[in-house]
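The following paragraphs go through aromatic pairs and a chain interface in turn. Please keep the sequence and the coordinates at hand while reading.

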Amino acid sequence: MSSESVGILSSPDRSSSPSLIDQLTQNSCTATQISTDYPGEILQQIRSPGKRQLTIEESIVTTNDSKRICNSNLREQCDSKSTAIITSSPSPTSSNNTDSISFPPSSPLSSEVINWLDIFLAMSNEDRTRATEALIRTCSTNILQLNQIKNQIEPYFQRDFIRDLPRELALHVLKYLPANDVARASRTCRSWYETCNDILLWKRICQRKMIPLKKLRTIFDEAIENEWKRSYACHKHLEYVWQHEQLVPEPVVLRGHEDFVITCLQFDGKRIVSGSDDNTLKIWSVATGKCDQTLIGHNGGVWCSEMTDELIVSGSTDRTIRVWNIGTGVCQHILYGHTSTVRCLALHGDIVVSGSRDATVRVWNIRTGERLHMLSGHTAAVRCVCYNGKYVVSGAYDHTIRVWLPDQEKCVHTLEGHTNRVYSLVFDGKHIVSGSLDCMIRVWDVEQGTCIHQLTGHLSLTSGMQLRGNILVSGNADSTVKIWNIESGKCLHTLAGRNKHASAVTWVQVVLNYVVSSGDDGTVKLWDLNTGDFIRNLVTLDSMGSGGVVWRIKCTDSALVCAAGSRNSTEDTKKHATENIYIVTKLLAQMMTLTLEEFNQCISDLYEQSQQIHDRWQLLKTSKGSYLVYSFVDQDHLKHEFHIVYSESYAVPVLYFNISHLDGSLLSLDDVWQLFTHKKTSKMYETITQQEHSILHRPFFVLHPCHTENVLKQVADQPIKKKFLFWLSIYGQSVGLPLSVHYAID
Amino acid sequence: MAGNKIKLQSNDGDTFDVDVEIAKQSATIKTMLEDLGMSEEDDVIPLPNVNSAILKKVIQWATHHKDDPPPPEDDENREKNLSDISSWDQDFLKVDQGTLFELILAANYLDIKGLLDVTCKTVANMIKGRTPEEIRRQFNIKNDFTPQEEEQIKKENEWCEEK
């Protein structure tokens with residue numbers, strides 16, 4: 001009977017009042033029955049009124065709002081509710097108090113009420129209808145009472161959709177909601193939490209907003225398990241930091257290249273590489289703010305550079321290109337061939353393409369140092385070059401852009417149209433976008449060799465451009481930044497207005513959904529990419545107005561590097577800055593590969609284990625830091641000593657070692673290399689150099705940490721301890737450090 | 001072809017005469033007719049998962065929407081628009097949650113994309129813009145988190161709840 005009446009309940013066509021009261025009284029009887037039969041524990045899942053059987057929830061129920069009744073304690077409330085209604089009690093709160101703990105389930109109905117119920121039950125359906133109508137009419141004078149009745153009835157008409165619908169239908173509902181609504185919905189109750197954390201749901205949310213999956217460690221790792229939700233949270237946090245937060249109050253200022261112009265800047269999140277007219281390049285560590293290496297060798301100013309994980313490639317006025325090892329600072333190759341300044345570089349895999357004042361474009365292999373191809377055709381200096389693995393695109397002062405197939409040394413298109421020097425290029429494999437001194441920006445099709453659009457509007461030379469999909473951002477010496485759609489050729493936004501740059505824009509970059517622009521006016525500005533609105537000034541140089549200039553910026557999602565200086569007021573703009581400052585602003589705490597705390601924990605643990613298995617590790621604690629030492633004497637009476645020390649700049653452990661005769665004299669470099677010649681092919685071998693021990697300040701051999709992060713990436717999702725042991729086993733093995741398997745066992 | 005009718009039978013025994021074209025808005029019924037070779041004449045199509053009241057509503061919806069163009073392919077990566085429910089549909093769906101619930105299940109079982117989308121959107125609209133407490137009140141949900149869990153989840157969602 002109950003299920004039928006319940007089924008009828010959900011039909012909008014039938015008048016529900018008689019059957020409702022029917023059920024109500026039915027259930028009140030059932031309630032008393034159940035409560036007497038099962039005094040404490042009451043059984044199973046409540047399901048909303050529907051085709052299913054109604055049963056009572058197991059746990060004692062409370063809701064946040066004392067006025068609410070949940071479906072679950074409907075039964076138990078029935079008794080007191082009926083009492084409330086009949087006696088027209090004017091205190092809704094007491095009777096609606098759903099704190100069942102204080103409401104004994106088996107509170108008896110008064111005899112009057114029971115009599116009344118009996119009379120009601122004995123009536124015909126028609127009389128019941130009349131009676132209910134009369135009852136409600138009577139109560140209608142009292143709004144509180146009416147509300148009570150409504151509150152009583154309402155739950156029957158409510159359904160917990162997300163919990164009760166089959167999962168794919170619940171998700172079908174949720175997919176219409178934006179992230180913030182899904183997040184709030186997940187806080188409702190356990191079953192909603194579970195469904196709202198569906199990984200595909202969040203994947204879709206991220207994809208809609210073009211948020212990539214964050215694989216590396218984030219600050220949300222502990223809090224959020226769902227990796228897409230975590231990526232979303234990170235993105236939101238980053239956005240907030242970019243838009244609102246005061247940048248790290250004391251931005252790290254790196255001084256170097258004093259008195260010389262900084263000509264090029266590379267930044268990978270961990271290291272900054274700056275090239276300068278002082279003939280050097282410098283590698284700076286973001287973590288420490290120190291200059292790790294100065295690359296010396298060029299005989300002329302360095303005017304362009306490229307960077308990979310391991311190598312730096314630089315082009316100079318000395319007509320050469322040099323390939324440097326980032327870790328050691330050693331110049332691995334010098335590429336000869338050009339007969340004038342090497343002005344621009346493009347890197348793709350192992351191939352570098354160079355453009356020169358000698359009007360040629362050359363192609364080289366940076367691993368082998370081989371000279372591969374020479375592309376001749378331009379009739380004036382080549383100023384900019386791009387390479388995507390298939391096409392080389394070069395722009396020159398001869399007003400043209402040439403498209404080459406390097407392997408055939410063939411020029412497939414000469415793109416004419418500009419009426420002055422070409423200064424900048426971007427290439428996405430399909431579209432070529434060129435900026436020229438003629439103030440125009442042109443969009444070309446690389447296959448057809450035709451000009452698709454001319455983007456007019458700028459009043460001067462475009463200094464920098466960036467392409468994201470079909471959106472082009474251009475920074476111009478006319479002090480504005482423009483956002484274009486290269487499909488339509490239309491200018492979508494001009495970033496100017498009250499907060500515009502006061503003078504030439506020197507560089508632009510697109511980060512997240514922002515445009516970051518730097519200017520001659522000494523500011524770095526943040527704009528909204530989609531609306532073109534100014535958001536705020538990220539950097540304002542103190543020397544602004546008196547010549548402070550931001551030459552160049554490079555951003556990652558969470559950090560900003562600026563190369564800045566001051567122009568003195570001479571006419572000759574080639575004469576340079578009096579001071580060159582880097583400002584590194586770390587916007588978000590970067591997740592280091594291993595923090596100092598984690599390192600200390602690892603070496604402690606290792607030491608502990610070593611004690612247990614009677615191994616020889618020693619733990620030394622000094623004011624400069626703690627480190628581990630292991631030593632043994634081999635069959636040739638050579639003493640091997642290994643130290644594990646923490647590297648601040650790479651945020652990883654480093655393995656130092658020395659091999660000495662028993663009289664204390666160290667083996668020479670050659671001798672050490674002899675010992676390891678059999679390992680020559682291993683990558684690790686390449687990284688053996690001699691360096692000063694960071695704590696003991698005497699020379700040791702070291703396996704340079706430049707590769708460590710990559711090595712650790714292989715075990716990125718392992719716990720810290722495992723990562724450490726993994727590192728130790730690989731590095732230790734290369735240099736003869738014995739490591740017992742016992743360490744791997746927990 | 002006009003006036004060709006089919007008999008649909010609900011699980012509680014009621015039969016409804018419906019135009020074939022209207023009935024075919026349900027991909028399930030369409031399949032039954034076309035692929036399973038059920039003749040349109042005398043046979044009655046039993047729908048064991050739908051009761052008479054709901055079936056009546058479904059037929060009402062399908063009849064009104066009989067001239068609709070076929071719904072476009074779902075672009076998963078486009079922002080979904082919640083405000084494009086026609087006023088007729090809005091009125092049609094001014095029902096209690098129990099009915100709405102049954103309609104979703106029926107639209108799913110009968111595979112009527114338009115009805116499924118609009119009913120789900122309606123539920124989504126009931127969630128949108130609401131705090132967790134308001135959602136609980138809306139759907140009569142019990143908060144079964146411990147205070148510590150609530151605190152933790154609140155933290156977890158901090159950034160995700162930002163507009």
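Which residues do ring pairs link into a cluster? The cluster consists of Trp617(A), Tyr630(A), Phe632(A), Phe642(A), Phe657(A) and Phe701(A). Rings of Phe, Tyr and Trp (its six-membered ring) pair here if their centres lie within 6.5 Å; planes under 30 degrees apart count as stacked, over 60 as edge-to-face and the rest as tilted. By this rule there are 21 aromatic pairs over all chains.

This is a predicted model, in which local features need pLDDT of at least 70 and side-chain atom pairs count only at pLDDT 80 or more, while totals for chains, interfaces and linings use all residues. Residues are numbered from 1 along each chain as its sequence is written, chains are lettered from A and ligands numbered from 1 in the order in which they are written, and side-chain values use heavy atoms, with hydrogens and water left out.

One of the aromatic pairs is formed by Phe161(A) and Phe101(B); it is tilted, at 5.7 Å centre to centre and 55 degrees between the planes. Phe161(A) belongs to helix H8 of chain A and Phe101(B) to helix H5 (residues 97–109) of chain B, so the pair joins two chains. Helices (H or I, at least four residues) and strands (E, at least two) are DSSP runs, numbered from the N terminus. Both Phe161(A) and Phe101(B) are buried, where buried means under 20% relative accessible area, exposed over 50% and partly exposed in between (1.4 Å probe, protein chains only).

Another pair lies within chain A: the ring centres of Phe599(A) and Tyr646(A) are 5.3 Å apart and their planes stand at 45 degrees, so this pair is tilted. Because Phe599(A) is in helix H14 (residues 596–612) and Tyr646(A) in strand E35 (residues 638–647), the pair ties together parts that are 47 residues apart in sequence. Phe599(A) counts as buried because its relative accessibility is 0%; Tyr646(A), at 12%, counts as buried too.

Now to the interface. Contact (heavy atoms within 4.5 Å) involves 62 residues of chain A and 57 residues of chain B. The area buried between the two chains is about 5700 Å², with 59% from carbon and sulfur atoms; buried area is the accessible area (1.4 Å probe) that two parts lose on being put together, summed over both. Phe161(A), Tyr176(A) and Arg187(A) supply 15% of the area that chain A buries against chain B, more than any other three residues.

Five salt bridges are counted between chain A and chain B, each a side-chain nitrogen of Lys or Arg within 4 Å of a carboxyl oxygen of Asp or Glu. Among them is Lys229(A) with Glu156(B), whose closest N and O atoms are 3.3 Å apart.
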